[in-house]
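Student: I would like to learn how to read helix packing and ring contacts in a model. Could we go through one together?

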Amino acid sequence: MSVIRFALLGCSKIAWKHAESLQRIENAQLAAVCDLDETRARALGDKYGVASYQDYHRMMSSEAVDVVSVLTPSGAHAEHMLDLVRYRKHIVVEKPMTLRLEDADAVIRSCDQTGIKLFVVKQNRYNRPVQALRQALERGRFGKLVLGTARVRWCRSQAYYDEAPWRGTWAWDGGVLMNQASHHIDMLLWMMGEVESASAMTATRLARIEAEDTAVATLRFRSGALGLIEATTATRPKDLEGSISILGERGSVVIGGFAMDRLLIWEVAGWLPDDAAIFANHGENPKEAAWNHTEYLRAVVETINTGHRALVDGLEARKSLELISALYESAETGQTVSLRFRPAKCRLGVRSDD
């Protein structure tokens with residue numbers, strides 16, 4: 001397999017996770033890093049012995065790169081990806097792919113037209129308990145699905161939001177639904193299937209931000225099953241959980257922990273030999289830092305080398321973006337929103353100059 005060379009655009013905390021993960025992957029190599037903040041870019045580049053840049057056009061023109069990872073603030077993702085396609089390098093982008101559905105469609109179309117593979121980071125799909133749950137669903141072990149629940153009870157202080165001026169803004173970030181709960185919403189869709197309609201209420205209770213720090217939502221899936229989402233960054237004094245529950249006519253599974261990384265309940269009818277060791281083999285992720293990011297990026301390298309389809313490409317990532325947009329639309333209008341829809345009142349990604 002060929003060595004796949006990565007350039008990182010954006011050198012904030014998440015970039016350090018990506019850089020560390022790449023060191024553990026055979027046939028992956030960190031080639032260069034870039035950030036408008038020269039000090040931040042140099043710190044990451046020096047740590048791993050690669051060149052650092054402030055201008056990503058200069059980086060892409062100067063370095064031998066196979067993939068560019070877009071790790072900039074959420075509201076800048078679309079602009080950066082649409083600008084980067086000219087270099088015809090594959091793109092990895094941290095969640096969310098974009099803030100607006102129309103931008104997501106433009107990015108997907110542009111990547112398709114230039115033959116670029118687009119990978120949207122949903123690393124929790126590689127959590128060991130999540131993989132076990134997905135395999136059980138694919139085998140039909142749950143029968144008719146009844147109820148899916150996602151719960152995010154995290155603590156984000158005012159200091160967290162004040163750390164970067166874009167956090168919690170409509171134009172650049174969104175609130176708890178788009179930022180913190182987007183992984184859990186993606187997981188609910190991956191397990192339960194497409195949504196027919198959604199209704200949501202939001203509130204800004206403790207954080208001084210534009211968007212919401214607390215939200216609840218109800219879903220009706222196309223299968224007829226129902227769904228619940230509870231999400232807040234106003235949990236005090238510390239994080240409680242990030243969980244998902246799937247209930248069906250022949251079984252119930254609950255995955256909890258901080259980020260859907262610990263198996264709590266496994267009660268599935270039609271016992272199989274693997275079930276005896278389910279907690280031992282799939283009970284939780286290894287303790288290695290950024291383990292699931294490593295697994296995600298390992299799959300990126302394999303996908304590029306084999307030509308297979310990515311687990312989370314642009315079309316797959318668009319599903320959760322559409323649902324989150326629908327939840328914001330519902331919160332603004334007070335109405336149940338049917339999927340598919342075109343946002344009218346959703347404020348995500350809307351800037352004052354639009």
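Student: Are α6 and α8 roughly parallel or roughly antiparallel to each other?

Tutor: Please keep in mind that this is a predicted model. Two packed helices are described by the angle between their axes and the distance between the axes. Here the axes of helix α6 (residues 128-138) and α8 come within 10 Å and cross at roughly 25°; angles under 35 degrees count as roughly parallel, and α6 and α8 are therefore roughly parallel to each other.

Student: Which residues of α6 meet α8?

Tutor: On the α6 side they are Val130, Gln131, Leu133, Arg134 and Leu137, which meet Met187, Trp190 and Met191 in α8. Sorted by class, this contact of α6 with α8 comprises 6 nonpolar, 1 polar and 1 charged residues.

Student: How many aromatic pairs does a search of the whole structure find?

Tutor: The search finds 4 aromatic pairs. One of them joins tyrosine 160 and tyrosine 161, edge-to-face, with 5.0 Å from centre to centre and 80° between the planes. Tyrosine 160 counts as partly exposed at 22% relative accessibility, whereas tyrosine 161, at 6%, counts as buried. In another pair, the rings of tryptophan 170 and tyrosine 328 have centres 5.1 Å apart and planes at 80°, so this pair is edge-to-face. It links distant parts of the chain, with tryptophan 170 in the loop between α7 (158-162) and α8 (182-192) and tyrosine 328 in helix α11 (residues 314-333), 158 residues apart. Both tryptophan 170 and tyrosine 328 are buried.

Student: Which charged end sits over the ring of tyrosine 160?

Tutor: That of arginine 167, 4.1 Å from the ring centre. Likewise, the charged end of lysine 47 sits over the ring of tyrosine 48, 6.0 Å from its centre.

How values were computed: Residues are numbered from 1 along each chain as its sequence is written. This is a predicted model: local features need pLDDT of at least 70, side-chain atom pairs count only at pLDDT 80 or more; totals for chains, interfaces and linings use all residues. Side-chain values use heavy atoms; hydrogens and water are left out. Rings of Phe, Tyr and Trp (its six-membered ring) pair if their centres lie within 6.5 Å; planes under 30 degrees apart count as stacked, over 60 as edge-to-face and the rest as tilted. Buried means under 20% relative accessible area, exposed over 50%, partly exposed in between (1.4 Å probe, protein chains only). Helices (H or I, at least four residues) and strands (E, at least two) are DSSP runs, numbered from the N terminus. A charge sits over a ring if NZ of Lys or CZ of Arg is within 6 Å of the ring centre and within 35 degrees of the ring normal. Axes are lines fitted to C-alpha atoms, for helices over the stretch in contact, and angles run from 0 to 180 degrees between N-to-C directions. Angles under 35 degrees count as roughly parallel, over 145 as roughly antiparallel, 65 to 115 as roughly perpendicular and the rest as oblique. Contact means heavy atoms within 4.5 Å. Ala, Val, Leu, Ile, Met, Phe, Trp, Tyr, Cys and Pro count as nonpolar, Asp, Glu, Lys and Arg as charged, and the others, Gly among them, as polar.
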